[in-house]
Amino acid sequence: MDISDLTARFGLLAVGLVAFAAILLALYGLAELASRRDRSRVVATVFLAPAVIFLLVGLVYPAVRTVVMSVFNGDGTEFVGFDNYAWAVTNPDALRTIVNTALWIIVVPLVSTAIGLVYAVLIDGRRGERTYKALVFLPMGISFVGASIIWKFVYQYTASGEQIGLLNQVRTWFGADPVNWLNTAILNNFLLMVVLVWIEVGFATVVLSAALKGVPTEIIEAARIDGARPAQIFWNVTVPSIRSAIIVVAVTVFIATLKLFDIVRAMTGGHHGTDVLAHNMWDQAFRLGNDGRGATMAVLLFLLVIPVVIYQVRNMRRQELEAR
Amino acid sequence: MSKTRRISCLAAAASAIALAATGCGAPDEGESDRGAVPDDATDCANYEQYGDLKGQTVSILGSIRDTEADEMMEAWSYFESCTGAKVDYEGSGEFESDMKVRVDGGNAPDIALFPQPGLMANFKDDLVPASEEVTKLATEGWTEDWLNYGTIDGTLYAAPNSSNAKSFIWYSPAFFNDNGYEIPTTWDDLIALSDQIAADGVMPWCVGFESGGATGWPGTDWIEDIVLREGTDLYDQWVTHEIPFNDPRIVAAIDKAGSILKNESYVYNGTDTISSTAFQEAGYPLLDGQCAMHRQASFYGAMWPAETNVAEDGDVFAFRFPEAKEGDNTMLVGGEFVAAFSDSEATEAMRQFLASELYHGARLQTGPWSTARQGVDPSKATTPINEFATEILTDPDVTVRFDGSDLMPGEVGASSFWTGIVQWVDGDKDSQQMADDIEASWP
Amino acid sequence: MSTETQAPEQRAIGESRGDRIRRVLTSRVASIVALLIAVLWTVPTAGLFISSLRPEDDIRASGWWTVFTNPTFTLDTYNYVLYSDSQGGGLIRNLVNTVVITIPGVIVPVAFAAMAAYALSWINFRGRNFLYIAIFALQVVPLQMALIPLLSFFSQGLHIGDVTIMPSWELEGVNTIVQVWIAHSIFGLPLAIFLLHNFMRELPGDVMEAARIDGASHSQIFRKVVLPLVTPAIASIAIFQFLWVWNDFLVGRTFGGGEATRPLTAVLGDMAGTWGFGWTRLPAAAFIAIIVPLVVFLLLQRYFVRGLLAGSVKG
C-alpha cells in the first residue's frame, strides 16, 4: 500500500462527495423555483427523479429483461415458450432446488422467530438483559460470507487424524466417527439453514423483545393471579398481544431467506443437493451459461414473493384507511 | 485443468487438513533450478519484434492464482520491461461466472486463459480469431490434437498456455523394486499386478474423490481414462454427445472402472471411504507402503508432503495409465487456452509472446510447470515429474485428448457427472442407472 | 392502585408449595436455556477470533479449543494479511476500498430516498400510491439479475438503435469504484424509501399544514421541518445501509473492477469460496472484515433497533 494508493482512493472519495453535493444543491434549487410557482407536480418530479431514474435503470429494466429471457433458450437466440418452466418442474435437479427453497422458507422463518421469541421472553427483565441481547444480536452485523467462514470451521471434516471442526470434535469426544457434514445430502441443507437462523435470531429477538416491553404488565400480572402457569401465560397472553410483531419478523426473515445466495455459494456451491432458487438462478445464468433457465428460476422467485407483497400492500391500505 | 486447478488447491472446503499437509500448489523447497530464467528470455533483443508498447496495457483474466500466478507473471515480466507494455493479470476463483458477467456486460478482459475449451466456444462471437502470426506460431508449436481444442468452426482462436498430463498412476519406486513388481503397460497387466499386490497382503489402490463442493471430479478422470483407451473415436463421440452418455460401450467402461474402484480387495480402507477421502491426501498411504498405486494427474506432484522426494528414484513417482490395446499411445490432458477479446497492438503482441517458444521455455523454469509447446527442453523443467510430463506432452507420437468433463456442458461436466460418480461409488446406483441419469441431465 | 400493591401478597398466599417449587424450577430452567442459547450463539465467532490469533501451523494441526491446554498466540497472521505484498496479503488496500465505497454508498441512497419518501408522503400528485407500491415491490427483485444489464450500462452506455443516449463510462482503475457507488445506491433505494416513507407518514399533518400556511415551499418544509424530525430514522436507515454495503459480496465483486479496487468482503469471498493453500489466513482476514461493522453495530444498536421497529412494525 503506497501513499499514492491512498491519495487516489480518498481523492476519488472527495471528488465524488463534492459532485454529489453539487447535484443535491441543483435539485433543491430546481425544487425551490418550482415551489415558488406553486407547481407541486414539478416539485414532486424533482424530488422523485433521482430515485426513479436509478430504479428504472437498475431494477425495473433488468426485471423486465429477465421475464423476457425466461421464454428464450440458453443463449437467447430462440423463442422457446414455456419450455424452461416445464424444465423447472420436471428436471430432478431443478425440482430438488425448488423443494429445498420451500424447505428453507418454511424452516428458517419458523425456527428463527420461535427461538427469538423464546429467548426474548426468557431474558425479559433478567439481570444482564442487554448483554444477553447483544450476544445473540452480534451475528446480524456479520456478513453472510463471514458467517460462512465461521461455520465452515464448525462443520470442518477430516477423514483421519485430529478433527479441527468443532462439531466433529464433539462427536469424536463421544466416541462417534466424524461425519462429512456438508456432503451428506438432506442433512447438509439443514446445516446451511443453521447459519441463516444464527444470523436472523438476533433480529427476531430484538424486535420481539421491544414488542414485549409494550405488553402491559397488568395483563400478565392478572393472568398470574388467576393461577395461570408460565406456559399458559406465554401462549394465551404474550403471544396474542405481540402477534403483529411476530408476523413482521416472520415476513422479513422470509424475504431474506428467499433471496439467500452467499451462504450456499460459499459453503457448498449448491452441490450435494443443497441448491436453492436464488443461488441456482445465478449458477444457471453465470456458471452454466444458460440465461433462459437462470431467468426462469428468477421469475419463480418473484412469483413466490408476490403473496407477501400483496399481503403487505393490503396491510398498508388498511392502515391508510384507519389513519383517515 | 479447469476443475483441477480450481479444485486442486481450492475447493478443499471440507478438507482443510489435506491442504494443511500438502501446502497445495507450493513447490517443493530446495529446487536448485527454480527461478533460473534462461538468458535468452531476459535479453531484450528477443522482444524487439513486438515493438514499442509503452503506455499500453493488456488485461488478462485467468483461473491461476497464488504462487503459480506469481511464477507465471515472472515469466511475463521481461516482456513487460522490454516492450514497456503493462500486463494486468487477475486470477479468479470463479472464472466461469466472472467471464460471463464481464463479457455480457461488455467489460471483457483483453485476454482470457480458458481452462475449458467448451466454455471458450460459448464466447465465440466476442473472440478475436488468431492472427496470421499467432496461427503460424501455434502450428509450429503444437500438434493437431491440441490445436483442435483451440479451433471453433474451423477457425483457430487460441493456442494453449500450460498443459498437464492426466493419465498418471502414482507409485512408490522403492516399493515396486523391493517386491519385484513391474510397471504395467496394458490394462490386463494392471489388473494382474493389482491381484498380485493384493495377494501379497497390500491394498493395491488408494482412491479419494472428496473435494468439497466439487466432490467426484477425480472419479470422472477415471472414466475418461478408460473410455479414451477403448478408442479415441468413441471418446470424441462421447464428449461431443454424438452418442448418448448411456451408450452400452460407455456403461461397459464404467463397469471396467468398477472392477478396480468397487473391488473391496483392492481399495485401501474400503470402497465406502472413497467419496469421503479428500483427493489431496488420498495418495499419502502410498508413502508408508499401505497401498501401492494412486491415479492422479501430474499436478499431484506438488501436493505430496513437503519432505517427499518426487523422482523416479525417490519416494514416489508416476507411470502412464496403461493402454487397453497394445501399440496405443494416448494421454488425457488438461490446460488453458489463450483467447483474446481485443485486437489492440499490445494484445496481439502478448498473444504472440504467449505462443512463443521463448515464453514456454522461460515459464518452464520459473516454477513447477509443464507444457506441450514443441521446441522446449523438457529437462529444464524444475521437477522430475514435470520433466516427465513435458516429455510426453511434447511427443508428437502421443495421441492427446482433452479432459472430457471440461468439454461437456457445465450441467454434466461440472455437475451431474460429479454427483453421478459419487452415487455410483457409494453403491447407490449401478453403472447403467448412473449413465441414464447423466444422460437425462444433458441439456 | 390498591389492588396492585396487594397483588404479590395475594399470590404468595394463594400459591401452594408445589407451585412455588415449580416456579423456582422453571426460572432455573429458563436461566439455563437462556444461557445455553447465548453461549451457542457466541461460540462460533469466538472460535474464529481465537483461530485468527493462533500460529498458522497450529490452525492446521488442531482445533481452536486446544488453546486452553496449549496457549500460543501471535499477531503474525494479521500482519501478513494486512500488509504483505505476497499472495493473500495486502488486505489493507481492500479495507480502504471498503471505506471509500461505503461512505457514498450510504449517503447517496439515503439522501435520494429521503427526497423520494417526502414526495411520496406529503406531495399530492396522481399515481402516488401506485408509484409507492411499485417501489415497495422492487425490493424483491433479486439483484443477481440486475448485474449484467447494469454492467453493460456502465461499460457500453445507453443506446436506442443508433442513437447514443449515454456514452460509455470508460472507468478504469480506482475510478471503477464509482460504479460500485451507483450500484449500491440503486439496490439500497427500495428499502430506504419504504422505511423512510413509514416514518414520514407518521409526522403530524398539522405541523406541515401550519408551515404551508406560513408560506413555506415544499423544499423548505422538507429541509427545515421534516428532515430534523426524521433524523433518528435516517440514522437507523443509514446504519442498515452501512451494514449492507460493508458486508456486500456480489456487487463489489461484479462492479469493483480488479482485485486492487475491490472491497474487502469481495476478496474474502474469493478466499472463502476457494480455500487456496492460504486458508489458515482466513480467520484473521475474516475477522478484519467483521470487526468494524460489529463495533459500529454495538455502539449504535439503539438507533438501529428503533429503525427496525418503526420500519417493520408499521409495515
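In chain B, F114(B) has F337(B) of β11(B) as its bridge partner. This is a predicted model; local features need pLDDT of at least 70, side-chain atom pairs count only at pLDDT 80 or more, and totals for chains, interfaces and linings use all residues. Residues are numbered from 1 along each chain as its sequence is written, chains are lettered from A and ligands numbered from 1 in the order in which they are written, and side-chain values use heavy atoms, with hydrogens and water left out.

**Strand pairs**

Helices (H or I, at least four residues) and strands (E, at least two) are DSSP runs, numbered from the N terminus. Two strands pair if DSSP finds at least two bridges between them.

| Strand pair | Sense | Bridges | Residues opposite each other |
| β1(B) and β3(B) | parallel | two | I60(B) and I111(B) |
| β1(C) and β2(C) | antiparallel | three | H159(C) and T164(C) |

Strand β3 of chain B covers residues 111-114. I111(B) and L113(B) point one way, A112(B) and F114(B) the other. In a regular strand the side chains alternate between the two faces of the sheet. All four of these β3(B) residues are buried, meaning under 20% relative accessible area, against over 50% for exposed and partly exposed in between (1.4 Å probe, protein chains only).

**The four-stranded sheet of chain B**

An open sheet in chain B has the strand order β8-β9-β7-β10, with mixed pairing. Its edges are β8 (203-205) and β10 (317-320), each with a single partner strand, so one side of each has no neighbour in the sheet. Neighbouring strands are turned by 25° against each other on average, direction ignored. Axes are lines fitted to C-alpha atoms, for helices over the stretch in contact, and angles run from 0 to 180 degrees between N-to-C directions. Helix α10 (residues 187-199) of chain B lies across β7, β8 and β9 (291-295). Its angle to β8(B) is about 150°.

**Chain A against chain C**

Helix α2 (residues 40-69) of chain A packs on helix α7 (residues 147-156) of chain C. The angle is about 125° and the axes are 8 Å apart. That makes the pair oblique; angles under 35 degrees count as roughly parallel, over 145 as roughly antiparallel, 65 to 115 as roughly perpendicular and the rest as oblique. From α2(A), V57(A), G58(A), Y61(A), P62(A) and R65(A) meet I148(C), P149(C), L150(C) and F153(C) of α7(C). Contact means heavy atoms within 4.5 Å.

**Chain C**

Chain C holds 15 helices and two strands. Of its 315 residues, 57% count as buried. Among contacts between residues at least 6 apart in sequence, 67% join residues at least 24 apart.

The strands β1(C) and β2(C) form a hairpin with two residues between them. G161(C), in the turn, has a positive phi of about 60°.

T176(C) lies in the loop between β2 (163-166) and α8 (177-202) of chain C. T176(C) is buried, with a relative accessible area of 8%. Beyond neighbours within four places in sequence, T176(C) touches L171(C), F255(C), G256(C), G257(C) and T261(C).
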